[in-house]
Amino acid sequence: MTGKVAWITGGSQGIGQGCAVELARAGCDIAFCDIGAEAETIRLVEALGRRALFVEGDVSNRESMEAVAQRIMNTYGRLDILVNNAAFGVRKAFLDLEIADVERVWAVALWGVFHCSQIAARLMAKAANGGSIISISSVHAERAFPMSTAYNAAKSGVNAMTLTWASELAQYKIRVNAIEPGWTDTPGERRYFSEELIREEGKKLPLGRLAEPAEIGKAARFLASEDAAYITGTILKVDGGFLLPMTTVRV
Ligand SMILES: NC(=O)c1ccc[n+]([C@@H]2O[C@H](COP(=O)([O-])OP(=O)(O)OC[C@H]3O[C@@H](n4cnc5c(N)ncnc54)[C@H](O)[C@@H]3O)[C@@H](O)[C@H]2O)c1
């Protein structure tokens, strides 16, 4: 993928950083936006011999994302890949949820994906070089997880948008896919779970552990690559068996 340019939202840590590093490893120059500091993503990408651009920006803000895209075009002159990664959830019982909680989650996890995808798809269609849009969805799109109404609905919405855009954008050779990570060991998860809990709960999963951010990044790298040239409208689980029926008996 040498010479291609990838834009990753929320690329300062966790899965977003994993995607940035794996796409850089495949030869892409990287642009990433985040509401937090750039952390060490620039250093990790540059260590792989690729260029890295950080632009502060909130995916829920359309003007902010238009400005990020403009910076990418001014810096690199092209955009080939978008990874919609930025999201967060509010863990609260349905009976206690405030409207503001739901609006904020949807603004980032649903509208953020809409804004960045539309901005990127318009640039890609105009350049007529094809492209790849990958959204980081979640196993929460498929199963009932309590305390997570707004997040679950947002991820189901991301899957629905993925399928719709895949069918609309195929004529421009823009492929649109999503990844459903299972439980992944990221700074976001570490806010809620201790080292010990992550280790002990991980043992209960079919593959016996949580995913590493790089393992989700590798799936994004595959979907963005020529090896996936005939793949569009796919929701790829990278969940270590998280969604398998829990009747599996270990022998
Ligand atoms: N970690 C998991 O177990 C897991 C499982 C399934 C899906 N996911 C999904 O993977 C993605 C990344 O999750 P993570 O665990 O790496 O999260 P994380 O909290 O560790 O990192 C998220 C990054 O996104 C940034 N961000 C948050 N809101 C933003 C906004 N409005 N604009 C720009 N940047 C913003 C944060 O500053 C942070 O750098 C999310 O879409 C999440 O829903 C995570």
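Predicted model: local features only at pLDDT ≥ 70, side-chain atom pairs only at ≥ 80, totals over all residues.
Two residues are taken to be in contact if their C-beta atoms, placed from the backbone, lie within 7 Å.

Residues are numbered from 1 along each chain as its sequence is written.

The protein chain has 9 helices and 7 strands. Helices (H or I, at least four residues) and strands (E, at least two) are DSSP runs, numbered from the N terminus. The radius of gyration, taken over C-alpha atoms, is 17 Å, close to the 18 Å that the globule rule gives for 251 residues, so the chain is as compact as a globular protein of that length. That rule is 2.2 Å times the number of residues to the power 0.38. Along its principal axes, the C-alpha trace spans about 50 × 40 × 35 Å.

To return to helix 3 (residues 62-76), it packs with helix 5 at an angle of about 35°, the axes being 9 Å apart. Axes are lines fitted to C-alpha atoms, for helices over the stretch in contact, and angles run from 0 to 180 degrees between N-to-C directions.

Helix 5 (residues 111-127) also packs with helix 4 (residues 99-109), at about 25° and with axes 3 Å apart. That makes the two roughly parallel, a term for angles under 35 degrees, whereas over 145 is roughly antiparallel, 65 to 115 roughly perpendicular and the rest oblique. Trp106, Ala107, Val108 and Ala109 of helix 4 and Trp111, Gly112 and Val113 of helix 5 make the contact. It comprises 6 nonpolar, 1 polar and no charged residues.

Next, the axes of helix 1 and helix 9 (residues 213-224) come within 7 Å and cross at roughly 50°. Helix 1 is therefore oblique to helix 9. Their contact has 9 nonpolar, 4 polar and 3 charged residues.

Finally, which residues are closest to the ligand? They are Gly10, Gly14, Ala87, Thr186 and Gly188, among 29 that surround it, where near means a C-beta atom, placed from the backbone, within 6 Å. Helix 1 (14-25), strand 2 (29-34) and helix 7 (187-190) each give two or more residues to this shell. The shell divides into 12 nonpolar, 14 polar and 3 charged residues.

Technical notes
Nonpolar A, V, L, I, M, F, W, Y, C, P; charged D, E, K, R; others polar.
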